Amino acid sequence: MNIFLDRTSPVALRDQIVAYFETQISLGVFPGGMRLPSVRTLASQIRVNPSTVREAYAELACRDMVEGQGGRGTFVRMGHGPAAPLTIDLDVAREDPHRSIVYTTMVAPGRTDILSLDQQVPAPHLLPFVDLDLATRHIWNPNNQALHHFGDPQGLFDLRERLAHLVAWRGVTRVRADDLLVTSGVVQGLFLCLSLLCRKGDGVIVESPTWGVALSMLDHLGLVARPVPLTPEGMDIDEVDRILERRRARAIFTVPCGHNPTGVSSSVEQRTALLDVARRHGVPIIEDDIYGLLGLSGEEAPSLLALDDERAIVFSLTGVSKSLGPAFRLGWMVPPPRFLDRFIATKQNLDLHTNHIVQYILERYLSLDRFDAHLRRTRGAYKEMRDARIGAVRDVLGDRAEVHEPAGGFALWVRLNGGMPAREIVSRSLRDGVYATPGACFFPVDKEEEGDRFLRLSFTLPEEGQFLSGLRVLAKAMRSAAAA
Ligand SMILES: Cc1ncc(COP(=O)(O)O)c(C=O)c1O
């Protein structure tokens, strides 16, 4: 069992163990009925005194999360875990492939009856719970002004100061606290960009494939995706140029680091070329840099924002969903300075400001100065997980599938051999309770057949044993689809 204990922390080891189990149980990673390791086994695995584990289990029992069953051991209580099952309606997904991305990201993790092999979230055991717990202490305090008033729509100033440091880690040295806007995740930043930069009916260049949520948002806003093939180096620049020559797009949306779903990170030359072409046509680039601090192949190329010397055309978005968890719903954007006021005013009309409590917690967490160490630790761990899961896919799916090493992101993009459509395979594996995302979710509707040659999996969650058993179900679904 992979429990990270921080022995330098003022939080007692017993409480760290309780926090670990509590999280795993409420996320559904440890389902109802699961047996916990015996006190002795766990104590020796994590090198603590057995009485510490015994006390932690007793505390979990007091919180009604586990129960002792006579001499048989300690078990997760039934009925604990995520909310009641919702149904995944693959037929709806079939009619509207972009809807299914929403099912994947929002619904599948909440189901205890379906094992999703595609959860694009940080591995729970790698989250810095102890430090987050520290950051959350003392928040409920009458002197904490952040809690008692409506706040600055641009975001808490102290937090923005700390975020300006993070932006500098991506090679941008000219951005100050006053240049950035705190958002409710990248999703809100993207919504602001698309609604302020485009009008209904406009085209937006996207990589093909691309992040399904972006496609869904384009549909929602009445914008038209203009897909451009993604090469191993990044977007096909000549194609971008051709589309812009014909004035068929008003903006470019790109995920240059750890692209979702393919894992491609574009080279610095490709990024420079994209900027050149966008500048020449006077078209803004919306950069989604959510994986910018989590690159897996050594030095990550500077962000497009860093390469946009005049800060004239790049709208850069990022957030903490992939480093600290999507539950934060917290991100930030850096638009060109002349656009900032319009963005702040629009954001204010949407929700006044991003949740202050969460902003305050993030500010306190960053003040501990351990975010960099957390990122280094997770990058190392994710590299190992990526390599192990690629090995597992190759072993279990054999020549039915091909998978390449992603340079970043959390996704494994699996190309299917043998002509079986991914949606058919997934609807069969779902009968045995296993979900993977059909590739069609990442292509505009008129290209969904191209998407049917792919599946997206995640290498961060579920844990290894569940991943392997899920893969076996997927292999069985492939065999039965081929035989039908
Ligand atoms: C490419 C990409 N951008 C952004 C996000 C998350 O955005 P947010 O900060 O709104 O959680 C994801 C999560 O799946 C993603 O894959």
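1. For a single spot to look at, find Arg415, which stands opposite Phe454 in β16.

2. Now for the other sheet. What is its strand order? This open sheet has 8 strands, in the order β4-β11-β10-β9-β8-β5-β6-β7, and its pairing is mixed. The edges are taken by β4 (181–183) and β7 (234–235); each has a single partner strand, so one side of each is left without a neighbour in the sheet. As a reminder, strands of a sheet pair through backbone hydrogen bonds, either parallel or antiparallel.

3. Strand β5 (residues 203–208) and strand β6 (residues 224–231) run parallel and are joined by 6 bridges. Glu207, for instance, has Val228 in β6 as its bridge partner. Helix α11 (residues 237–245) lies across β5, β6, β7 and β8 (251–254), and its direction is at about 155° to β6.

4. Next, zoom out to the domains. The domain assignment gives domain 1 (13–81), domain 2 (90–127 + 373–483) and domain 3 (150–368). The centres of domain 2 and domain 3, taken over C-alpha atoms, are 25 Å apart. Their contact draws 28 residues from domain 2 and 30 residues from domain 3.

5. Which elements give two or more residues to the side of domain 2 that touches domain 3? They are α5 (97–107), α16 (371–397) and β13 (411–416). Helix α16, where this note began, gives the most to that side, with 6 residues. Sorted by class, the side of domain 2 that touches domain 3 has 16 nonpolar, 7 polar and 5 charged residues.

6. Ser208 and Pro209 are joined by a cis peptide bond, with omega about 5°, and Pro209 lies in the loop between β5 and α10 (212–220). Another cis peptide bond joins Asn260 and Pro261, with omega about 15°; Pro261 lies in the loop between β8 and α12 (268–281). Arg47 is not a glycine, yet it has a positive phi of about 55°. You will find Arg47 in the loop between α2 (39–46) and α3 (50–62).

7. Finally, a word on confidence. The protein has a mean pLDDT of 89, and 92% of its residues reach 70 or more. Over residues 82–94, however, the pLDDT is below 50, and this stretch has 23 contacts in the model beyond near neighbours in sequence. Where pLDDT is low, the predicted coordinates should not be read in detail.

Conventions
Residues numbered from 1 in each chain as written. Predicted model: local features only at pLDDT ≥ 70, side-chain atom pairs only at ≥ 80, totals over all residues. Pairing = 2+ DSSP bridges. Helix = DSSP H or I, 4+ residues; strand = E, 2+ residues; numbered from the N terminus. Contact = placed C-beta atoms within 7 Å. Axes fitted to C-alpha atoms, helices over the stretch in contact; angles between N-to-C directions. Domains from an automatic or database assignment. Nonpolar A, V, L, I, M, F, W, Y, C, P; charged D, E, K, R; others polar. pLDDT = per-residue confidence, 0-100.
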